[in-house]
Amino acid sequence: MSAFGAFLPVGRRKRGHMIKRILLLTGIAAITLAGRQLARRCTDEKQVRAAWAQLASTVGPVAGRFDPAMVAGLPEPARRFFLFAIEPGARLGSVVEITMEGELSLGTKEEPHYQPMQAEQLLAAPQGLVWRVRTGSGVMRAEGSDGMVADRSWTHFRILGLVPIVRAGGDADHLRSSFGRVVGVGLDPHRLPFAIEALDPRGSAPRR
């Protein structure tokens with residue numbers, strides 16, 4: 001103990017030791033929490049990569065090139081839309097990989113606070129989809145994914161790669177909601193095989 005410390009009141013020395021102990025315990029807790037979040041992030045990313053690979057290997061029931069006869073049995077508005085959107089002979093795919101870049105609103109309608117956004121989406125309707133996104137900048141940088149494959153769905157987003165802001169999934173309600181999104185996005189004209197199956201009143205749409 002220094003000569004100065006020897007003359008400090010006992011109460012002040014105890015408070016100093018207590019503050020150091022609190023700071024040490026706080027640091028240990030923060031490191032432990034960060035480690036757990038990092039491990040959870042690694043697990044999430046591994047599951048997303050596995051889901052992406054699974055959907056990428058999906059082979060749909062219909063392939064080939066667009067023939068106007070494919071939409072002959074659809075309701076007139078749907079038939080007119082597809083005939084306008086797709087040229088005869090255009091290649092049809094059962095799996096679509098989409099790259100997105102633009103802005104994402106993180107605010108309200110009055111103050112949207114648009115942030116730069118980059119995303120990738122793999123769509124294999126009706127089997128599922130995976131959407132990975134990065135948005136924002138600085139301390140407001142956020143990233144995550146949501147998707148559905150087989151009987152599993154999830155929504156995971158975090159700030160700075162560690163702090164969770166949304167973590168949902170693993171229940172029937174979330175799965176139904178995710179499947180609804182898969183169906184809606186699957187009506188993209190470039191996903192024509194599934195769109196025909198979903199819209200044709202003579203056929204049977206996928207059920208979940």
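I began with the lining of the largest pocket: its residues divide into two nonpolar, three polar and eight charged. Here Ala, Val, Leu, Ile, Met, Phe, Trp, Tyr, Cys and Pro count as nonpolar, Asp, Glu, Lys and Arg as charged, and the others, Gly among them, as polar.

I worked on a predicted model, so local features need pLDDT of at least 70 and side-chain atom pairs 80 or more, while totals for chains, interfaces and linings use all residues. Residues are numbered from 1 along each chain as its sequence is written, and side-chain values use heavy atoms, without hydrogens and water.

I looked up the pocket volume: about 250 Å³. The lining has 13 residues, and Glu45, Arg132, Glu143, Gly144 and Ser145 lie nearest the centre. Helix H2 (10–56), strand S5 (128–135), S6 and S7 each give two or more residues to this lining. H2 gives the most, with four. A pocket is an open set of 1 Å grid points, over the protein atoms alone, where a 1.4 Å probe fits, with protein on both sides within 12 Å along at least five of seven lines; lining residues have an atom within 4 Å of a point. Volume is the space filled by probe spheres set on the points, which are joined across faces, edges and corners.

Next I checked strand S7 (residues 152–159). Seven of its eight residues are buried, meaning under 20% relative accessible area (1.4 Å probe, protein chains only). Helices (H or I, at least four residues) and strands (E, at least two) are DSSP runs, numbered from the N terminus.

I then followed the S7 partners. S6 (residues 142–149) pairs with S7 in the antiparallel sense over eight bridges; pairing needs at least two DSSP bridges.

Definitions and conventions
Buried means under 20% relative accessible area, exposed over 50%, partly exposed in between (1.4 Å probe, protein chains only).
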